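Subject: Structure handover

Hi,

Here is the structure I said I would pass on. Please open it next to this email.

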Amino acid sequence: MALQATVETRRLPSSQALNRIGRAVRSNRKATAGTILLVIFILVALFPGVIAHDSPTLDAFKPHLGLSSAHLLGTTAYGQDMWAQLVWGTRNVMTIAFIVGLATTAIAVLVGVAAAYLGGLWDGSLSVITDVLLVIPLFPLLIVIAGYAHGGGTLVLIVVITATSWSYTARQLRAQALTLRSRDFLEAARVRGERKIYIIVVEVIPTMTSLIVASFLTNALYAVLFASSLQFIGLGDPNTVSWGTMLYWAQNNAALQTGQAMWALAPGACIAALGAAFALLNYAFDEIGNPALRPVRRRSLKQRPIKQRPIQQPPVEQGERHAA
């Protein structure tokens, strides 16, 4: 019984954090809208064949077709169905977003929290690496690295973006972890003789759940923007079906000037909508991490009728009664 109570006590912070996350998403309209958008994109990425029946690489159709029931967005200059490319390209974008978001956040958590808690040489060394990456402009660095690995495909984009995008998140998590070093629950863990790795993983990280989730959403958003931008300028694999490669081929064929505006507008609108989904979800987790951002809710109080009490006359003295 004592062991079970101890386990439940240690699980309490993470369960409370998850409950707070759920309440924030349900109570925030922007977060709810972001969740709905994100779920739609996830379902499209999981089941693209149900939504688009044609192959995205099949070039058996007549080029430059307009919008119709057979081709909802028309066909490209190469006779490929734009709707099929848009739907199947969602899987590539979501894959990059979630893998880069998870990997970048994991590296940032390990580096930032370890640097803050361990201190000393660890903190100095990891902070220097983080500062160097923060000083270098990120997008030009991505262009240089991706240029050397030209045509490497999705895996190269994931590795390049992950390796260069974790420094800002690590700096944020380090600052948050520094505020927790002198808390009572960490002092109690040290007195119990717990190992440092146990304190970091079990005691420190669960208290930063909202900030970690917000960091993941931010990293996933930047992954989508960076990957699409690199594919648009031709540094990805042009044969990969993705929103960025759709923009690349649309630009090469002057789609906006030749009456094929949907070839460029449709993937651009999807990138904006997915970015809006991640940004809207961030509102909920910002409110969890920063109490000053939480909206003040005023409950409408029902007005109760005021009961008027009868005015009590002061007691009349006996002498006054006789005088009356």
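Below are my notes on the cores, one threonine and charge pairing.

Please keep in mind that this is a predicted model.

Nonpolar cores. The largest one has 30 residues. Leu 38, Leu 86, Val 224, Trp 243, Leu 274 and Phe 278 touch the most other members. H13 gives the most, with 10 residues. Take Leu 38 as a way in. Leaving aside residues up to four places away in sequence, Leu 38 touches Met 94, Leu 274, Ala 277, Phe 278 and Leu 281. There is also a second, separate core of 21 residues. Its members include Ala 116, Ile 199, Ile 200 and Val 204.

Thr 105. This residue lies in helix H4. Thr 105 is buried, with a relative accessible area of 5%. Where does its side chain reach? It reaches the backbone oxygen of Gly 101, at 2.6 Å. Beyond four places in sequence, Thr 105 touches Val 100, Ile 212, Ser 215, Phe 216 and Asn 219.

Salt bridges. The count comes to 1. The side chains of Asp 131 and Arg 171 form it, at 2.1 Å from N to O. Asp 131 sits in helix H5 (residues 120–135) and Arg 171 in helix H8 (residues 167–178), so the pair ties together parts that are 40 residues apart in sequence. Asp 131 is partly exposed, with a relative accessible area of 35%. Arg 171 is partly exposed too, at 26%.

Best wishes

Key. Residues are numbered from 1 along each chain as its sequence is written. This is a predicted model: local features need pLDDT of at least 70, side-chain atom pairs count only at pLDDT 80 or more; totals for chains, interfaces and linings use all residues. Side-chain values use heavy atoms; hydrogens and water are left out. A nonpolar core is a set of buried Ala, Val, Leu, Ile, Met, Phe, Trp, Tyr and Cys residues joined through side-chain atoms within 4.5 Å. Buried means under 20% relative accessible area, exposed over 50%, partly exposed in between (1.4 Å probe, protein chains only). Helices (H or I, at least four residues) and strands (E, at least two) are DSSP runs, numbered from the N terminus. Contact means heavy atoms within 4.5 Å. A polar contact is a pair of N or O atoms within 3.5 Å; within protein, one must be able to donate a hydrogen and the other to accept it, and residues adjacent in sequence count only if both atoms are side-chain atoms. A salt bridge is a side-chain nitrogen of Lys or Arg within 4 Å of a carboxyl oxygen of Asp or Glu.
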